[in-house]
Amino acid sequence: MEEGNGFEGSGTAPTTSTKTSDANAKGKGKGKKGSASATPSLRDCANCGAPEIPDGETHRMCSRCKMTFYCSTKCQKEHWKTGGHKQHCVAVADRRVEGDGGGSASGGGGGRAAAAEEPECAICFEPLSRSPSQTLPCTHVYHLECVERLRSFGISQACPMCRAELPLGPEKLHEDAILRWLVLRRRYGQGDREPWRRVNDDGDRRELAEVMRMLHEAAEQGYAPVHFNLGVMYNNGLGVDQSHATALKWYRKAADQGLATAQHSLGVMYEHGRGVDQIDATAVKWYRKAAEQGDAQAQCNLGFMYRNGKGVDQSHATALEWYRKAAEQEHADAQNNLGFMYEHGRGVDQSDATAAKWYRKAADQGDAQAQHNLGVMYEHGQGVDQSHATAAKWYRKAAEQGHVQAQYNLGIMFLQGQGVGQNAATAVKWYRKAAAQGLAVAQYNLGLMYAAGQGVPQNFSEALRWLRKAEAQGDPNIAATIPEVLQKIQCHQLEQQQQQQQQQQQQNTVGASESTPPPPSPPSIPIGSRVELRGLQAKPELNGRRGVVVNFIGSSGRCRVQLDGEGGEFGLKAENLMIA
């Protein structure tokens, strides 16, 4: 008969119904072999009265009171809502009867009874093992998806078994935790990617611990956004001890659920070997997953991998395709990169005008590299009408963001008066900024400005310091010009000394001039030479130290030596110096 198909369910106390009698009467009247007995049984469906078929599908008992049976989920739900079982169902643990030895009221069932003992979700009546479950504070267990559906109704935010208030869902937990976390970030944060300062206040430590508890509770419910945010926090040390390995774990949990931002972040971890072995191919795999979902940053990164042949076969055409996808989403880096591809004809016909168009789109969004590139286009008239003033404008925008090449280019514009008023002091300012970032050509030019006293007071010691810094970077063109510059500095110093001596002689009287000592001879050790200190008796601790001759003091015949490191500057006799 149709009522005995054995659907999974759970339910309540047995009741007698007219449907049971009718069903049994039909079975007895027909007298078919294997039909159910006409005698009512506790295992009959408590709602419709359908008997359980021997050797067939078993009826499922109510998982709470374990005293009622149902033929289908439909019958169990109907009996719970309208049949009175909701008011009479009492859990086994809550029944306290004197003299009860704790034995089961059920008298048999064998393997079928054991099967009926499998825990079920009291909302959908499906076994808990079929999908992830959640234990509520009231100890009742339900499927996660069922609890979320219950919350979504917004009418009765209570456990359907005991009416206890439902705990916050993962979305609300995550939202409340992040709002409280942001307050702490304002107190202890040092930027989006810099670890927080140490949290010393006891109250703030307790608050941070509660925030992390809320986030982990939401994470345990499988909420992908909180997995991703925990990854960000551990990756950058934002309120937790920085740990790339832990960040990788959380990124992977979110990425496995299809969250594009987490897939991109996981790709970054593999590309740079953070918390995991560096594997370009795996980075490409995760970039691709995110890119195919439309994540612009992942599309840009995937384009970069194809352009440089990292983890994939190099393909400028494929790189161009991914750059374009991201650029059309107004991704500034991708727009700049697309401009580069057009400027150099990589994967597409070369076009300065199209390159300038994409550079401008990125530059208008504040991208420093694109601003610099657009400045170059205007300075040389590539794809646009040449305009030094416009070039200087874009160089300045990039330079103010710390773009080193733009700072150097702006220094040249001010030194030469191109597009701006000629100003050597301002040129020195921008050279210094670029030189401080290690740009060799800026260090070289700054050294020349000090040697010539152009835009700054003349200072041969500073000149040599910057020239040596530039030379140390190994640029062969700069290294080849250093000796010539040093020779000019030495000649200039000798000229100054001779001028000073002539002025002194003119001021002396004839009688005094007879007693004037002869002018000092030129230094035997050229300025700019590297020397080692020897034979010092007054400062024996300096013996063996090395440095550079930066000046020659004509009045005393001593050389000024700048010692390496923080050794300082000393006036020493030539006899105590040996060329190193």
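Q: Which residue is the bridge partner of C559 in strand 8?
A: That's L572. Heads up, this is a predicted model: local features need pLDDT of at least 70 and side-chain atom pairs count only at pLDDT 80 or more, while totals for chains, interfaces and linings use all residues. Residues are numbered from 1 along each chain as its sequence is written, and side-chain values use heavy atoms, with hydrogens and water left out.

Q: How many bridges join strand 7 to strand 8?
A: Four, and the two strands run antiparallel. Strands here are DSSP runs of E with at least two residues, helices are runs of H or I with at least four, and both are numbered from the N terminus. Two strands pair if DSSP finds at least two bridges between them.

Q: And in what order do the strands sit in the sheet?
A: The order is 8-7-6-5-9, five strands in an open sheet with antiparallel pairing.

Q: Which strands are at the edges?
A: Strand 8 (569-572) and strand 9 (577-579). Each has a single partner strand, so one side of each is left without a neighbour in the sheet. From one strand to the next, the twist averages 45°.

Q: What packs on the sheet?
A: Helix 21 (residues 460-472) does, touching strand 6 (546-553), strand 7 and strand 8. Its direction makes about 150° with that of strand 6. Contact means heavy atoms within 4.5 Å; axes are lines fitted to C-alpha atoms, for helices over the stretch in contact, and angles run from 0 to 180 degrees between N-to-C directions.

Q: OK, back to strand 5. What stands opposite E532 in strand 6?
A: R546. Strand 5 (residues 530-533) and strand 6 pair in the antiparallel sense over three bridges. Strand 5 also pairs with strand 9 over three bridges, again antiparallel, and there V531 stands opposite I579.

Q: Switching to helices: how do the axes of helix 20 and helix 21 cross?
A: At roughly 160°, coming within 7 Å.

Q: Last topic: how many aromatic pairs does the structure hold?
A: Three. In one of them, F228 and Y251 have ring centres 5.8 Å apart and planes at 35°, so the pair is tilted. Rings of Phe, Tyr and Trp (its six-membered ring) pair if their centres lie within 6.5 Å; planes under 30 degrees apart count as stacked, over 60 as edge-to-face and the rest as tilted.
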